[in-house]
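Thanks for coming, everyone. I'd like to walk you through one structure today, so let me put it on the screen.

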Amino acid sequence: MSERHKITAVHERNLEEVLKGLGLLDSVKDGNVVCKFCGKRITLDNLNCIYPKDDDIIFCCDDLSCFQKALEDARGVRMQ
Amino acid sequence: MTNWIDVVYISIPWAAVVSLLIYFIKNPEKAEKWYSLIAGAFSFLGLRLEKSSVARDIQSDINSFTKDYNDKNGISTLPYGVKIEWVSETTRESFVKDGKVVVKMKHHTNRARNFLYGAMDWANKGAIPEGRQFLHKKVLKALDFTLVYKLLTDKKRYDSRQLFLDEIYDKEAPEGSLVNTYSVAFNKLDENGIFMGVVLPEYTSFGKKMGNSIPNKKHFAETIGFATMLEKLSRKASGVDVSPEYKGEHINCSICLVARPDKFALQGLEPYLAYINHCVKEGVESIYVCAIGETNIANARSICNAYEKSKNLSFVSERIQPMGKNRAIVLHFRNLNV
């Protein structure tokens, strides 16, 4: 195996600490954050992934088709 | 006499331990799998063991899949394995600077969902890493879906596969869509070893040829054109002629199917050699001889042997993969005149 692609993950038990570090824990707990792809309200339970884009932080819910879109969006798959 | 028996009694367990160690050193992904199970059983002792169990469960299957594929093919079409990197605290500044997607993994008992997250993330980066930007979005999505589906099937992750079908595939590749058409075609070609032996290597090679150029409509059109030829080939019925050639600016290949033992018995090598020689003359860059089943494999090998001393064709690689109860072979040649 020449190289390994790093998958950055947060265990659900560390999620609150990570969101706290980002200054977003209260926003999530207060229900002020939505999934970029389906508009669903993000909670600690249904949050699936987060990534930065253009100095903003994007949230994606646990719908797997939203996750697929998030991976494409984060890696800049071009719209054709 | 007693001493000898003692020596044997002491040696057997040590020999077993040493053999096991050698096996794990040679197959680190198998060691990871065992470690995952043990760490999972003791995960109540702490978060570190719990995280280890989750990470190694994902790493072991994806890494053994990429290893199997690259070992057999000799071409690094899937050069990346995976490593789970845990984040437990961060700041906004470093998070933005790192620019990484952070995926939430659940407790190790949610194996199906965790594995699917890992597989999707891996496919989105690990497959055709140098060429993704140059592929048409719908072709790329179909390639990713076929690869993830194959990984889940090969590794017997049937619960993850069901999640994939219900929650991703049905939504992102609905019946009648282009992504669905290509995914079905790639999956069908995989039954003959052509997906892993021809489709992925050709798109990988396409990406490598692009080098520093900027992706444009011509690139997307070429990748769609190749996928369209493959789709027609995937629907080919026995005895019906479908052109197995694609001559684009960068993708330039042909697939020679050796699928009819009756034809081979009757006409021998001649029709196959005539077709391959025609491809060489026409400037086809890569020629793949594909066969499934032992008789066809033997026939494909005899075609390969006929070009042993050829000055026009060079043998690149042989890839054999199990296909249910059968085996499939893909023999790759390069035209030395192009």
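Before we look at the strands, one definition: two strands count as paired if DSSP finds at least two bridges between them. Keep that in mind, and please also keep in mind that this is a predicted model.

With that in hand, let's go to the place where a strand of chain A meets a strand of chain B. Strand β1(A) and strand β2 of chain B, residues 102-105, run parallel and are joined by four bridges. Which residue is the bridge partner of H11(A) in β2(B)? That is M105(B).

Now let's step back to the whole contact between the chains. Chain A contributes 47 residues and chain B contributes 56 residues. Together the two chains bury about 5,200 Å², and 58% of that is on carbon and sulfur atoms. Looking at chain A, the residues that lose the most area to chain B are H5(A), I7(A) and L64(A), which together make up 15% of what that side buries.

How about the polar side of things? Between chain A and chain B there are 23 residue pairs in polar contact, with both residues at pLDDT 80 or more. Which elements supply the chain A side? At least two residues each come from β1 (3-11), α1 (15-21), β2 (47-53), β3 (56-61) and α3 (64-74) of chain A. By type, the touching side of chain A has 21 nonpolar, 11 polar and 15 charged residues.

On to the charges. Four salt bridges link chain A and chain B. One to click on is D63(A) with K171(B), at 3.1 Å from N to O.

Across all chains, the search finds 25 salt bridges in total. Within chain B, have a look at R157(B) and D57(B), whose closest N and O atoms are 2.9 Å apart. R157(B) sits in the loop between α6 (137-154) and α7 (158-172) of chain B, while D57(B) is in helix α3 (residues 47-73), so this pair ties together parts that are 100 residues apart in sequence.

Last, confidence. The predictor assigns the complex an ipTM of 0.91 and a pTM of 0.87. Chain B has a mean pLDDT of 89, with 98% of its residues at 70 or more. Where in chain B is the mean pLDDT of an element lowest, and where highest? The lowest is in helix α1 (residues 2-26), at 77, and the highest in helix α8 (residues 178-190), at 96.

Happy to take questions!

Key. Residues are numbered from 1 along each chain as its sequence is written. Chains are lettered from A and ligands numbered from 1 in the order in which they are written. This is a predicted model: local features need pLDDT of at least 70, side-chain atom pairs count only at pLDDT 80 or more; totals for chains, interfaces and linings use all residues. Side-chain values use heavy atoms; hydrogens and water are left out. Contact means heavy atoms within 4.5 Å. Buried area is the accessible area (1.4 Å probe) that two parts lose on being put together, summed over both. A salt bridge is a side-chain nitrogen of Lys or Arg within 4 Å of a carboxyl oxygen of Asp or Glu. A polar contact is a pair of N or O atoms within 3.5 Å; within protein, one must be able to donate a hydrogen and the other to accept it, and residues adjacent in sequence count only if both atoms are side-chain atoms. Ala, Val, Leu, Ile, Met, Phe, Trp, Tyr, Cys and Pro count as nonpolar, Asp, Glu, Lys and Arg as charged, and the others, Gly among them, as polar. pLDDT is the predictor's confidence in each residue, from 0 to 100.
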